[in-house]
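Please examine the structure below.

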Amino acid sequence: MSGDLRELLSRAEAAVDFDRVEFERRDSGDFEDELQSQYAAYIISCALSNILKRSGIRIDYAAGYSMGLYAALFHAESVAFEQGLDLITVAYEMIRSAATGIDFGTGVISGLDNGDIRSIVSRRKDLEIINVNNRHSFLIAGFSSSVTRALKTAKKMGALNTKFLDLKLPYHSTAMRDVSREFYGYCSGMRIYDPSCCIISTVDAREITSWEDVLGDLADNIYRNINWLAAMERMVSAGVDAFVECGPGKSLYRISQFIEGGFSVYHLAMLQDLLASDRVCSHEDALDLRRA
Amino acid sequence: MAKIESGTREEVRRLVYEFFSEECEVPVDQLNDGTNVIRDLEGDSLMFLELLEVFKKKYGLNVELKTVGKYVVKHPAETIGAIIAMTMLIIEHENRIAELD
(Lines give C-alpha, C1' and ligand atoms only; values in the text may rest on other atoms or scores of the structure.)
Protein backbone atom coordinates (compact mmCIF):
# COMPACT_ATOMS: atom_id res chain seq x y z
CA MET A 1 0.00 0.00 0.00
CA SER A 2 1.42 3.37 -0.99
CA GLY A 3 1.99 6.16 1.50
CA ASP A 4 -0.53 8.28 -0.39
CA LEU A 5 -3.24 5.68 0.08
CA ARG A 6 -2.37 5.11 3.75
CA GLU A 7 -2.61 8.79 4.48
CA LEU A 8 -5.93 9.22 2.67
CA LEU A 9 -7.39 6.15 4.37
CA SER A 10 -6.59 7.68 7.74
CA ARG A 11 -8.13 10.98 6.73
CA ALA A 12 -11.23 9.23 5.42
CA GLU A 13 -11.59 7.30 8.68
CA ALA A 14 -11.49 10.56 10.56
CA ALA A 15 -13.93 12.34 8.25
CA VAL A 16 -16.68 9.80 7.56
CA ASP A 17 -17.89 6.39 8.68
CA PHE A 18 -15.48 4.55 6.41
CA ASP A 19 -14.82 0.85 7.05
CA ARG A 20 -11.04 0.67 6.66
CA VAL A 21 -10.79 -2.87 8.03
CA GLU A 22 -13.17 -4.15 5.36
CA PHE A 23 -11.32 -2.11 2.72
CA GLU A 24 -8.00 -3.72 3.61
CA ARG A 25 -9.58 -7.16 3.79
CA ARG A 26 -11.09 -6.89 0.31
CA ASP A 27 -8.04 -5.27 -1.27
CA SER A 28 -10.05 -4.17 -4.32
CA GLY A 29 -12.36 -1.46 -3.10
CA ASP A 30 -15.25 -3.69 -4.10
CA PHE A 31 -17.64 -3.45 -1.14
CA GLU A 32 -21.14 -4.88 -1.06
CA ASP A 33 -22.33 -1.65 0.58
CA GLU A 34 -22.90 1.03 -2.07
CA LEU A 35 -21.70 3.96 0.01
CA GLN A 36 -18.58 2.16 1.20
CA SER A 37 -17.83 1.23 -2.42
CA GLN A 38 -18.04 4.86 -3.41
CA TYR A 39 -15.75 5.90 -0.58
CA ALA A 40 -13.25 3.21 -1.56
CA ALA A 41 -13.21 4.14 -5.23
CA TYR A 42 -12.87 7.82 -4.34
CA ILE A 43 -9.98 7.25 -1.92
CA ILE A 44 -8.08 5.07 -4.39
CA SER A 45 -8.69 7.60 -7.18
CA CYS A 46 -7.43 10.48 -5.04
CA ALA A 47 -4.33 8.53 -4.03
CA LEU A 48 -3.58 7.88 -7.71
CA SER A 49 -4.19 11.52 -8.48
CA ASN A 50 -1.57 12.48 -5.91
CA ILE A 51 0.91 10.01 -7.38
CA LEU A 52 0.35 11.39 -10.89
CA LYS A 53 0.89 14.94 -9.76
CA ARG A 54 4.03 14.07 -7.86
CA SER A 55 5.31 12.20 -10.91
CA GLY A 56 5.07 15.34 -12.97
CA ILE A 57 2.19 14.20 -15.15
CA ARG A 58 0.28 17.26 -16.24
CA ILE A 59 -3.36 16.65 -16.95
CA ASP A 60 -5.17 18.71 -19.60
CA TYR A 61 -8.63 17.26 -18.99
CA ALA A 62 -10.33 15.31 -16.24
CA ALA A 63 -13.65 13.50 -16.32
CA GLY A 64 -15.34 11.41 -13.68
CA TYR A 65 -17.28 8.29 -14.47
CA SER A 66 -20.51 8.49 -12.45
CA MET A 67 -19.57 9.25 -8.84
CA GLY A 68 -16.00 9.55 -10.08
CA LEU A 69 -16.89 13.19 -10.62
CA TYR A 70 -15.86 13.90 -7.03
CA ALA A 71 -12.41 12.43 -7.60
CA ALA A 72 -12.08 14.45 -10.82
CA LEU A 73 -12.93 17.58 -8.84
CA PHE A 74 -10.33 16.62 -6.24
CA HIS A 75 -7.73 16.18 -8.97
CA ALA A 76 -8.65 19.56 -10.42
CA GLU A 77 -8.27 21.06 -6.93
CA SER A 78 -11.82 22.29 -7.06
CA VAL A 79 -12.71 20.52 -3.83
CA ALA A 80 -10.56 19.23 -0.98
CA PHE A 81 -10.33 15.53 -0.15
CA GLU A 82 -12.68 15.72 2.83
CA GLN A 83 -15.15 17.84 0.87
CA GLY A 84 -15.34 15.09 -1.74
CA LEU A 85 -16.15 12.54 0.96
CA ASP A 86 -18.80 14.87 2.30
CA LEU A 87 -20.37 15.30 -1.15
CA ILE A 88 -20.48 11.54 -1.66
CA THR A 89 -22.16 11.08 1.73
CA VAL A 90 -24.71 13.83 1.27
CA ALA A 91 -25.65 12.78 -2.27
CA TYR A 92 -26.04 9.20 -1.11
CA GLU A 93 -28.23 10.12 1.87
CA MET A 94 -30.43 12.46 -0.17
CA ILE A 95 -30.97 9.91 -2.93
CA ARG A 96 -31.54 7.08 -0.46
CA SER A 97 -34.12 9.11 1.38
CA ALA A 98 -35.93 10.10 -1.82
CA ALA A 99 -35.88 6.54 -3.15
CA THR A 100 -37.22 4.90 0.01
CA GLY A 101 -39.97 2.47 -0.91
CA ILE A 102 -39.09 2.46 -4.61
CA ASP A 103 -37.96 -0.90 -5.93
CA PHE A 104 -35.33 0.53 -8.22
CA GLY A 105 -33.01 -1.51 -10.41
CA THR A 106 -30.08 -1.07 -12.75
CA GLY A 107 -28.88 -3.37 -15.50
CA VAL A 108 -26.10 -3.50 -18.04
CA ILE A 109 -26.57 -4.61 -21.62
CA SER A 110 -23.63 -5.43 -23.87
CA GLY A 111 -23.63 -6.25 -27.54
CA LEU A 112 -26.59 -4.24 -28.85
CA ASP A 113 -26.42 -0.80 -30.42
CA ASN A 114 -27.93 2.50 -29.34
CA GLY A 115 -31.01 2.10 -31.53
CA ASP A 116 -31.79 -1.31 -30.07
CA ILE A 117 -31.45 -0.04 -26.51
CA ARG A 118 -33.66 2.96 -27.22
CA SER A 119 -36.35 0.70 -28.60
CA ILE A 120 -36.17 -1.47 -25.48
CA VAL A 121 -36.41 1.37 -22.95
CA SER A 122 -39.19 3.07 -24.91
CA ARG A 123 -41.50 0.18 -24.00
CA ARG A 124 -41.76 1.27 -20.34
CA LYS A 125 -42.12 4.84 -19.12
CA ASP A 126 -39.95 4.30 -16.05
CA LEU A 127 -37.01 2.94 -18.02
CA GLU A 128 -34.13 5.11 -19.16
CA ILE A 129 -30.59 4.77 -20.40
CA ILE A 130 -28.61 6.18 -17.49
CA ASN A 131 -25.23 5.74 -19.08
CA VAL A 132 -23.79 5.08 -22.51
CA ASN A 133 -20.45 3.40 -21.80
CA ASN A 134 -19.46 2.92 -25.42
CA ARG A 135 -21.16 1.93 -28.64
CA HIS A 136 -21.85 -1.60 -27.35
CA SER A 137 -22.43 -1.19 -23.62
CA PHE A 138 -25.27 0.61 -21.85
CA LEU A 139 -26.64 0.98 -18.35
CA ILE A 140 -30.40 1.09 -18.03
CA ALA A 141 -32.46 1.85 -14.95
CA GLY A 142 -36.04 1.93 -13.76
CA PHE A 143 -38.30 -0.17 -11.57
CA SER A 144 -36.71 -3.55 -10.88
CA SER A 145 -39.47 -5.44 -12.66
CA SER A 146 -39.10 -3.27 -15.78
CA VAL A 147 -35.33 -3.68 -15.80
CA THR A 148 -35.64 -7.45 -15.46
CA ARG A 149 -38.07 -7.54 -18.37
CA ALA A 150 -35.87 -5.25 -20.48
CA LEU A 151 -32.85 -7.47 -19.91
CA LYS A 152 -34.81 -10.49 -21.10
CA THR A 153 -35.87 -8.61 -24.23
CA ALA A 154 -32.28 -7.53 -24.85
CA LYS A 155 -31.11 -11.11 -24.63
CA LYS A 156 -33.73 -12.16 -27.17
CA MET A 157 -32.58 -9.38 -29.49
CA GLY A 158 -29.05 -10.76 -29.42
CA ALA A 159 -27.32 -8.99 -26.53
CA LEU A 160 -24.11 -10.84 -25.80
CA ASN A 161 -24.61 -10.25 -22.13
CA THR A 162 -27.11 -8.73 -19.76
CA LYS A 163 -26.74 -8.38 -16.03
CA PHE A 164 -28.88 -7.04 -13.24
CA LEU A 165 -26.55 -4.93 -11.14
CA ASP A 166 -26.48 -4.65 -7.41
CA LEU A 167 -27.12 -0.90 -7.52
CA LYS A 168 -30.27 0.03 -5.66
CA LEU A 169 -30.12 3.81 -5.74
CA PRO A 170 -31.29 5.81 -8.77
CA TYR A 171 -28.20 7.91 -9.45
CA HIS A 172 -28.37 9.73 -12.81
CA SER A 173 -32.11 9.10 -13.02
CA THR A 174 -34.51 11.84 -14.04
CA ALA A 175 -36.65 10.75 -11.08
CA MET A 176 -34.08 12.50 -8.85
CA ARG A 177 -34.72 16.01 -10.17
CA ASP A 178 -35.92 17.29 -6.78
CA VAL A 179 -32.92 15.74 -5.04
CA SER A 180 -30.71 17.53 -7.52
CA ARG A 181 -32.17 20.90 -6.47
CA GLU A 182 -31.65 20.05 -2.82
CA PHE A 183 -28.09 18.94 -3.53
CA TYR A 184 -27.40 22.13 -5.46
CA GLY A 185 -28.53 24.08 -2.39
CA TYR A 186 -26.16 22.08 -0.20
CA CYS A 187 -23.21 22.50 -2.56
CA SER A 188 -23.86 26.24 -2.85
CA GLY A 189 -22.86 26.55 0.78
CA MET A 190 -19.47 24.94 0.16
CA ARG A 191 -16.23 26.58 -0.85
CA ILE A 192 -15.65 25.32 -4.38
CA TYR A 193 -12.72 26.58 -6.44
CA ASP A 194 -12.26 27.03 -10.16
CA PRO A 195 -10.81 23.77 -11.53
CA SER A 196 -7.06 23.83 -12.18
CA CYS A 197 -7.61 21.80 -15.35
CA CYS A 198 -10.60 21.57 -17.65
CA ILE A 199 -13.23 19.06 -16.57
CA ILE A 200 -15.44 17.43 -19.17
CA SER A 201 -18.99 16.91 -18.00
CA THR A 202 -20.24 13.37 -18.49
CA VAL A 203 -23.76 14.76 -18.71
CA ASP A 204 -23.33 16.73 -21.90
CA ALA A 205 -19.59 16.74 -22.64
CA ARG A 206 -19.32 20.48 -21.97
CA GLU A 207 -16.12 22.04 -20.65
CA ILE A 208 -16.22 22.98 -16.99
CA THR A 209 -13.77 25.70 -16.15
CA SER A 210 -15.28 27.72 -13.29
CA TRP A 211 -16.65 27.01 -9.83
CA GLU A 212 -20.12 28.00 -11.06
CA ASP A 213 -19.87 25.33 -13.78
CA VAL A 214 -18.75 22.82 -11.16
CA LEU A 215 -21.76 23.60 -9.03
CA GLY A 216 -24.08 23.05 -11.99
CA ASP A 217 -22.43 19.78 -12.93
CA LEU A 218 -22.60 18.46 -9.37
CA ALA A 219 -26.36 18.96 -9.46
CA ASP A 220 -26.75 17.62 -13.02
CA ASN A 221 -24.79 14.50 -12.16
CA ILE A 222 -27.47 13.53 -9.64
CA TYR A 223 -30.45 13.40 -11.98
CA ARG A 224 -29.33 13.60 -15.57
CA ASN A 225 -28.33 10.59 -17.66
CA ILE A 226 -24.64 10.42 -18.36
CA ASN A 227 -22.79 9.59 -21.54
CA TRP A 228 -19.25 8.41 -20.98
CA LEU A 229 -18.78 7.76 -24.69
CA ALA A 230 -19.57 11.39 -25.55
CA ALA A 231 -17.21 12.67 -22.84
CA MET A 232 -14.39 10.48 -24.15
CA GLU A 233 -15.08 11.49 -27.75
CA ARG A 234 -15.00 15.14 -26.72
CA MET A 235 -11.54 14.72 -25.18
CA VAL A 236 -10.24 12.64 -28.10
CA SER A 237 -11.45 15.29 -30.54
CA ALA A 238 -9.60 17.90 -28.48
CA GLY A 239 -6.40 15.96 -29.13
CA VAL A 240 -6.06 13.87 -25.99
CA ASP A 241 -3.98 10.82 -26.84
CA ALA A 242 -3.27 9.39 -23.39
CA PHE A 243 -5.72 8.70 -20.58
CA VAL A 244 -4.97 7.51 -17.09
CA GLU A 245 -7.71 5.57 -15.33
CA CYS A 246 -7.56 6.81 -11.76
CA GLY A 247 -9.47 4.13 -9.94
CA PRO A 248 -9.44 0.51 -8.86
CA GLY A 249 -9.56 -2.06 -11.65
CA LYS A 250 -9.57 -1.36 -15.35
CA SER A 251 -13.23 -0.98 -16.32
CA LEU A 252 -12.69 2.29 -18.16
CA TYR A 253 -9.67 0.88 -19.95
CA ARG A 254 -11.88 -1.93 -21.23
CA ILE A 255 -14.81 0.31 -22.08
CA SER A 256 -12.39 2.44 -24.11
CA GLN A 257 -11.54 -0.48 -26.40
CA PHE A 258 -14.81 0.30 -28.19
CA ILE A 259 -14.26 4.02 -28.56
CA GLU A 260 -12.72 5.23 -31.80
CA GLY A 261 -9.51 7.24 -31.84
CA GLY A 262 -5.76 6.99 -31.65
CA PHE A 263 -5.26 7.05 -27.90
CA SER A 264 -3.91 4.88 -25.11
CA VAL A 265 -5.50 4.24 -21.75
CA TYR A 266 -3.29 3.40 -18.78
CA HIS A 267 -4.93 1.65 -15.86
CA LEU A 268 -3.56 1.16 -12.37
CA ALA A 269 -1.44 -1.89 -13.24
CA MET A 270 0.08 -0.02 -16.20
CA LEU A 271 1.06 3.06 -14.25
CA GLN A 272 4.69 1.99 -13.93
CA ASP A 273 4.86 1.57 -17.73
CA LEU A 274 3.53 5.07 -18.20
CA LEU A 275 5.92 6.61 -15.71
CA ALA A 276 8.85 4.86 -17.38
CA SER A 277 7.76 5.83 -20.89
CA ASP A 278 8.95 8.80 -22.93
CA ARG A 279 5.49 10.31 -22.52
CA VAL A 280 6.52 11.44 -19.08
CA CYS A 281 9.22 14.04 -18.78
CA SER A 282 11.76 12.99 -16.14
CA HIS A 283 13.64 15.42 -13.91
CA GLU A 284 16.74 14.92 -16.08
CA ASP A 285 14.73 15.56 -19.25
CA ALA A 286 13.42 18.76 -17.76
CA LEU A 287 16.92 19.89 -16.87
CA ASP A 288 18.11 19.10 -20.40
CA LEU A 289 15.24 21.13 -21.84
CA ARG A 290 16.12 24.02 -19.58
CA ARG A 291 19.78 23.92 -20.63
CA ALA A 292 18.75 23.78 -24.29
CA MET B 1 -16.32 -16.09 -44.99
CA ALA B 2 -12.70 -16.00 -43.84
CA LYS B 3 -10.35 -18.65 -45.14
CA ILE B 4 -9.33 -21.13 -42.49
CA GLU B 5 -5.70 -22.00 -42.99
CA SER B 6 -3.77 -24.78 -41.37
CA GLY B 7 -2.35 -22.61 -38.63
CA THR B 8 -5.53 -20.67 -37.89
CA ARG B 9 -6.78 -22.87 -35.08
CA GLU B 10 -3.43 -22.74 -33.29
CA GLU B 11 -3.24 -19.01 -33.79
CA VAL B 12 -6.74 -18.55 -32.38
CA ARG B 13 -5.90 -20.79 -29.43
CA ARG B 14 -2.76 -18.82 -28.67
CA LEU B 15 -4.52 -15.46 -28.96
CA VAL B 16 -7.41 -16.54 -26.73
CA TYR B 17 -5.04 -17.84 -24.05
CA GLU B 18 -2.88 -14.73 -24.21
CA PHE B 19 -5.95 -12.51 -24.08
CA PHE B 20 -7.41 -14.06 -20.94
CA SER B 21 -4.00 -14.31 -19.32
CA GLU B 22 -3.43 -10.61 -19.78
CA GLU B 23 -6.97 -9.46 -19.04
CA CYS B 24 -7.37 -11.56 -15.92
CA GLU B 25 -3.74 -11.31 -14.84
CA VAL B 26 -3.32 -15.07 -14.64
CA PRO B 27 -0.22 -16.83 -16.06
CA VAL B 28 -0.94 -18.71 -19.29
CA ASP B 29 0.26 -21.99 -17.76
CA GLN B 30 -2.50 -21.78 -15.15
CA LEU B 31 -5.18 -21.73 -17.84
CA ASN B 32 -6.63 -24.72 -19.67
CA ASP B 33 -9.53 -25.44 -21.99
CA GLY B 34 -11.76 -26.22 -19.00
CA THR B 35 -11.12 -22.87 -17.27
CA ASN B 36 -14.44 -21.12 -16.77
CA VAL B 37 -13.97 -17.46 -17.67
CA ILE B 38 -16.80 -16.17 -15.50
CA ARG B 39 -16.44 -18.41 -12.46
CA ASP B 40 -12.69 -19.08 -12.34
CA LEU B 41 -11.34 -15.83 -13.81
CA GLU B 42 -14.08 -13.42 -12.71
CA GLY B 43 -14.40 -12.31 -16.30
CA ASP B 44 -17.34 -10.45 -17.76
CA SER B 45 -19.18 -9.75 -20.96
CA LEU B 46 -16.95 -6.89 -22.06
CA MET B 47 -14.04 -9.30 -22.24
CA PHE B 48 -15.83 -11.42 -24.79
CA LEU B 49 -16.74 -8.30 -26.75
CA GLU B 50 -13.11 -7.23 -26.70
CA LEU B 51 -11.97 -10.64 -27.87
CA LEU B 52 -14.50 -10.61 -30.66
CA GLU B 53 -13.26 -7.18 -31.71
CA VAL B 54 -9.69 -8.52 -31.81
CA PHE B 55 -10.71 -11.30 -34.17
CA LYS B 56 -12.95 -9.07 -36.28
CA LYS B 57 -9.98 -6.82 -36.93
CA LYS B 58 -7.44 -9.60 -37.34
CA TYR B 59 -9.42 -11.62 -39.87
CA GLY B 60 -11.53 -8.82 -41.33
CA LEU B 61 -14.71 -10.57 -40.27
CA ASN B 62 -18.13 -9.46 -41.34
CA VAL B 63 -20.15 -10.43 -38.31
CA GLU B 64 -22.71 -8.55 -36.28
CA LEU B 65 -22.51 -8.76 -32.51
CA LYS B 66 -26.25 -9.38 -32.37
CA THR B 67 -25.87 -12.43 -34.56
CA VAL B 68 -23.20 -13.80 -32.25
CA GLY B 69 -25.38 -12.90 -29.26
CA LYS B 70 -28.29 -14.94 -30.60
CA TYR B 71 -25.96 -17.86 -31.20
CA VAL B 72 -24.53 -17.57 -27.67
CA VAL B 73 -28.01 -17.72 -26.13
CA LYS B 74 -28.45 -21.14 -27.73
CA HIS B 75 -24.86 -22.25 -27.28
CA PRO B 76 -23.35 -20.63 -24.17
CA ALA B 77 -19.55 -20.58 -24.18
CA GLU B 78 -18.09 -20.06 -20.75
CA THR B 79 -14.90 -22.09 -20.81
CA ILE B 80 -11.78 -21.20 -22.74
CA GLY B 81 -12.14 -24.33 -24.85
CA ALA B 82 -15.74 -23.46 -25.74
CA ILE B 83 -14.75 -19.89 -26.58
CA ILE B 84 -12.00 -21.13 -28.90
CA ALA B 85 -14.46 -23.47 -30.63
CA MET B 86 -17.02 -20.70 -31.02
CA THR B 87 -14.39 -18.29 -32.33
CA MET B 88 -13.46 -20.81 -34.99
CA LEU B 89 -17.12 -21.06 -36.00
CA ILE B 90 -17.40 -17.28 -36.19
CA ILE B 91 -14.28 -17.05 -38.34
CA GLU B 92 -15.55 -19.80 -40.57
CA HIS B 93 -19.18 -18.75 -40.91
CA GLU B 94 -19.27 -15.05 -39.97
CA ASN B 95 -22.92 -13.88 -40.01
CA ARG B 96 -24.05 -17.28 -41.22
CA ILE B 97 -23.33 -18.59 -37.75
CA ALA B 98 -26.97 -17.78 -37.02
CA GLU B 99 -27.98 -20.51 -39.46
CA LEU B 100 -26.12 -23.19 -37.51
CA ASP B 101 -28.07 -25.37 -35.10
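In this predicted model, helix H8 (residues 177–188) of chain A packs against helix H9 (residues 211–223) of chain A at an angle of about 150°, and their axes are 8 Å apart. Helices here are DSSP runs (H or I, at least four residues), strands are E runs of at least two, and both are numbered from the N terminus. Axes are lines fitted to C-alpha atoms over the stretch in contact, with angles from 0 to 180 degrees between N-to-C directions. H8(A) and H9(A) are therefore roughly antiparallel, a term for angles over 145 degrees.

The table lists the residues that make this contact (C-beta atoms, placed from the backbone, within 7 Å).

| Helix | Residues in the contact |
|---|---|
| H8(A) | Arg177(A), Val179(A), Ser180(A), Phe183(A), Tyr184(A), Cys187(A), Ser188(A) |
| H9(A) | Leu215(A), Leu218(A), Ala219(A), Ile222(A), Tyr223(A) |

Chain A is assigned domain 1 (52–96 + 175–291) and domain 2 (104–165), with bounds from an automatic or database domain assignment. Their centres, taken over C-alpha atoms, are separated by 26 Å. Eight residues of domain 1 are in contact with 10 residues of domain 2.

The largest nonpolar core has 102 residues. Such a core joins buried Ala, Val, Leu, Ile, Met, Phe, Trp, Tyr and Cys residues through C-beta atoms within 7 Å; buried means 20 or more other C-beta atoms within 10 Å of a residue's own. Helix H3 (residues 34–54) of chain A gives the largest share, 10 residues. Both domains of chain A contribute residues, so the core lies between them.

Residues are numbered from 1 along each chain as its sequence is written, while chains are lettered from A and ligands numbered from 1 in the order written. Local features need pLDDT of at least 70 and side-chain atom pairs count only at pLDDT 80 or more, whereas totals for chains, interfaces and linings use all residues.

Methods: Buried ≥ 20, exposed ≤ 12 C-beta atoms within 10 Å, placed from the backbone. Parallel < 35°, antiparallel > 145°, perpendicular 65-115°, else oblique. Contact = placed C-beta atoms within 7 Å.
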